[in-house]
Amino acid sequence: MIPDILAIAQKEWRELLRQDVDRKGLALRLALFAIAAVTLARTAGPDFGASWATVLLIPFLAAFAVLPVVTDTIAGERERQTLETLLASRIPDAALLLGKYLAHVAYGSALALAVLVVGLVVAWVRYASSPLFEVRPLVLFATIGLTPIAAGLIAAAGIHVSLRAPTTKHATQAMGLLFFAVAMVVVLLSQIELPPELADRLDAMTPREPTAGMVFLAVVQGAVLDAVLVGLALPRFRRSRLILD
């Protein structure tokens, strides 16, 4: 089934790039991400390759890159009436879904990791002579490991939404609301004040610096979560159900 997955992923990847070119969005998207890379590098200064903020920013960019395109994966094909042609192939249902998922993960990860590379180059050119400039392998490992996890999380959620949406517009609106709701929950949770004793206890239990074991555990847990979300979409992604829809 792996060749089938890769074939669908390659097809989806070409369509993503073609859509960007047709809508003249590829150059704009690349320009925006290049500006983001330079801005992040200049703002972070010599700490760009050493700051744990990089581990938050780059995966967020990967998720943000996937968000506007993943809603088209099923709803768009249904709207363009190409879904029936795709389903008429002999490729297994699971391979179709996993190929689409893999293409979107690769798309978001590639853009975000390109920002990381550009940012590191800018930081190196600007601050190479500074004794404060440092690139920490653990930070890079965490960033590279969590970037496809973040892209996969949004890709899996987008596939769930796209499976149930009649049009791309409906899917995009639903994903926007979902993204906004999650952001609001995070903001609200960050505003909660814990009792002083509990806060002190948690502070004492929390390491001042993430360890390699913590990073590895976070990557594994993220991968498991992505796998669970994709697995939950498999029963819904059936030819009989999609054709009836």
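Helices (H or I, at least four residues) and strands (E, at least two) are DSSP runs, numbered from the N terminus. This is a predicted model, in which local features need pLDDT of at least 70, side-chain atom pairs count only at pLDDT 80 or more, and totals for chains, interfaces and linings use all residues. Residues are numbered from 1 along each chain as its sequence is written, and side-chain values use heavy atoms, with hydrogens and water left out.

**The largest pocket**

- α3 (53-70), α7 (137-164), α8 (168-191) and α10 (212-233) each give at least two residues to the lining of the largest pocket.
- The lining of this pocket is made up of 19 nonpolar residues (Ala, Val, Leu, Ile, Met, Phe, Trp, Tyr, Cys and Pro), 1 polar and 1 charged; charged means Asp, Glu, Lys and Arg, and polar means the others, Gly among them.

**The salt bridges**

- The structure has 2 salt bridges, each being a side-chain nitrogen of Lys or Arg within 4 Å of a carboxyl oxygen of Asp or Glu.
- In one of them, K11 pairs with E12, with the closest N and O atoms 3.2 Å apart.
- In another, the side chains of E12 and K100 meet at 2.7 Å, N to O.
- E12 lies in helix α1 (residues 2-22) and K100 in helix α6 (residues 93-127), so this pair ties together parts that are 88 residues apart in sequence.
- E12 has 4% relative accessibility and so counts as buried (under 20% relative accessible area, with a 1.4 Å probe and protein chains only).
- K100 is buried too, as both E12 and K100 are.

How values were computed: Buried means under 20% relative accessible area, exposed over 50%, partly exposed in between (1.4 Å probe, protein chains only).
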